[in-house]
Amino acid sequence: MTTTDTHCPYCALQCGMRLRTAPSGATVPVEVVERPDFPVNLGALCGKGRSAAALLDRAARLTAPLVRDRRGGELREASWDEALDRVAAGLSGAAEWYGRDAVGVFGGGGLTNEKAYLLGKFARVALRTANIDYNGRFCMSSAAAAHRQAFGIDRGLPFPMADIARTGCVILVGANPAETMPPAVRYFRELRESGGRLIVVDPRRTRTAELADLHLQPLPGTDLALALGLLHLVVADRRLDQDFIEERTTGFEAARACAMAHWPERVEGLTGVPVAQLRETAAMFADAETGMVLTARGPEQQSKGTDTVSAWINLCLATGKAGRRYSGYGCLTGQGNGQGGREHGQKADQLPGYRSIEDPAARAHVAAVWGVDPNQLPRSGRSAYELLDCLGQEGGVRALLLMGSNPVVSAPRAGHVAERLRSLDFLAVSDLVLSETAELADVVLPSAQWAEETGTTTNLEGRVILRQQAVSAPPGVRSDLAVLSGLARRLGVEQGFSEDPEQVFEELRRASAGGQADYSGISYERIRAEDGVFWPCPADNSNGNGTNNEGSGSSGNGSNGSSGDGNGTPHPGTPRLFLDRFATPDGRARFAAVTHRPTAEQPDAEYPLFLTTGRVVSQYQSGAQTRRVPELNRAAPGPFVELHPRLAHRLGVAEGELLAVTSRRGRAVAPARVTESIRPDTVFMPFHWGGAGRANSLTNPALDPTSRMPEFKVCAVRVERAGSTA
């Protein structure tokens, strides 16, 4: 039997796995086996990874293009020529009638680097529209914005995952890796076993919180106040690293002044976290020789998410826990290519290499690679929710190409988003299954899956890895690269849209060269040989991009910070960032002067409770894939409403009874799950399902002013027995 080394199609760990030819008579062509030599997971896989091959079953997926002959009519099978002709006509027709920016593109954080790159190029060169964004805006954008403000560059983790087990103290904020990325839990267990301390901040007592030395259970939406209160205590108790502050940072005095307005008793009143726990946390973190703060969607998916992450970064800087081995701030990126997907051009304001689309030098560089006039490149477009909100409206997007996303389930205020999608003149969706969003489309294009094509992704560490094709796609299925190539030709762009992923990656390397996310020294050959390569990795091993980092065990000292000696040897890649300097013009990290403010929506008499949302271990994102895997559905068959026994008693609700949860935007119905693990003033719903139990019918699209992140993680609701409401 043959085996192929590849990676899991789900979360940002991108766990290594092998695909082995399945026995004769199996319903799928390959089976998943362990790959114990891959350093991130050492062979360990969660249930999603172990069952990933189930989606290769033809019965679970699309195998032919679908078209709709009239609005309101049924989807029917069509040839690829008919489907692509219709998409090209729908997109070009809207551009001719309404203008180029009436055409939109919406991508996904699960697309490979090659697809994300070519999708961004397709929008700017073939369509010449400014309106492209992607669902990763809903995941890591607040952390990315704070990271760039503080350090000058955004890479989810500035160190390898293995460093977590070797630090002295970790504060894990709004993250539940025991359910969202189970193979990562071993690092936190090893941390505890080696004498390190783990502090978890979460309104729920999750499986991850059960592992902690200390669990802080704040009111949803108060993570900013909590971080400010901890910095206040570090200052007041003289636990600052004054030498680090003076030598490697700027802006401390303004940040200190903000923190001193958040004394312990005030913070207890805002967050509900007792003063004694605040003091214990501040001492535990500050007194550790090394330490990390790791955030996930909890503090980030707020209308003040950027400021919230900045406040946690301030805590790291004030205690000297950044820019050193086994210390720093990191974001636990969520989607499979959430890191790479935000680096190479499918964001509204971005060109490849994490370049700004408004920067004249960046425009000139990328335009030269693409063979176009820089003046023809569009400017910044609308962010993800703003793009979805403008669909079908006067002055908005009238035709949309959507690839690898399911916003009917995953977007905030999802009922409104579904209405906007229905109002489009034309909608085309490329996906491997008939998702809730694809069901609304005029044309549906069946795309190849992870095991059926080759391509790179970039995991949460910044490690660029290679998914390798193990089997052929069924007849009638094409890769997204082939879709973009076919559409570009129909739109009059004959060159520059290869279907070959390695050729696309070679062009990506040139386009990223000299940018912050510099991949120019990375190749498929190197990735195979080295179990992935950490960016930045410039081609010439002389000057990089301003990070002054460690490359393969040595620390760089060039003017831009990447390790290298300029002697022609390959750049080793950069596992650890910032060891000598930060990627800011002066090489210093920047404190942020931020202060607490309430969430966009507070409970009141009509909506007296907080709702927070999240994931469960056996489902993933919108569930479009995992809900089609029987093993996973048996483990997590549907949505639920988690509530405290005191709230259940007040409502007269028993375990399993249907509840109606209502916000100012919509209503969801799901069975009660009564547990003491949640605060009495808060309810929780997972967001993997559409239909009546769709949690995102309720969520608030209030946007962070910097990152444009919607406030998924907290809104005001009322909860009633389902039979008592209309």
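1. Helices (H or I, at least four residues) and strands (E, at least two) are DSSP runs, numbered from the N terminus. Within β20, Ile-465 is the bridge partner of Thr-457.

2. Before going on, please keep in mind that this is a predicted model, in which local features need pLDDT of at least 70, side-chain atom pairs count only at pLDDT 80 or more, and totals for chains, interfaces and linings use all residues. Residues are numbered from 1 along each chain as its sequence is written, and side-chain values use heavy atoms, with hydrogens and water left out.

3. The β19/β20 pair belongs to an open antiparallel sheet of three strands, ordered β19-β20-β21. Its edge strands, β19 (455–458) and β21 (533–534), each pair on one side only. Helix α3 (residues 113–127) packs on this sheet, touching β19 and β20 (contact: heavy atoms within 4.5 Å). The direction of α3 makes about 95° with that of β19; axes are lines fitted to C-alpha atoms, for helices over the stretch in contact, and angles run from 0 to 180 degrees between N-to-C directions.

4. Now to the other sheet, which is open, has seven strands in the order β5-β4-β18-β17-β16-β6-β7, and shows mixed pairing. β5 (75–77) and β7 (132–134) are at the edges with a single partner strand each, so one side of each lacks a neighbour in the sheet. On average, neighbouring strands here are turned by 15° against each other, direction ignored.

5. In that sheet, β17 (residues 426–431) and β18 (residues 443–446) pair in the parallel sense over four bridges, and Ser-430 has Leu-445 in β18 as its bridge partner. Helix α18 (residues 480–490) packs on the sheet and touches β16, β17 and β18, its direction making about 155° with that of β16. Helix α2 (residues 80–98) lies across several strands, including β4 (66–68) and β6 (103–107), and runs at about 130° to β18.

Note on methods. Two strands pair if DSSP finds at least two bridges between them.
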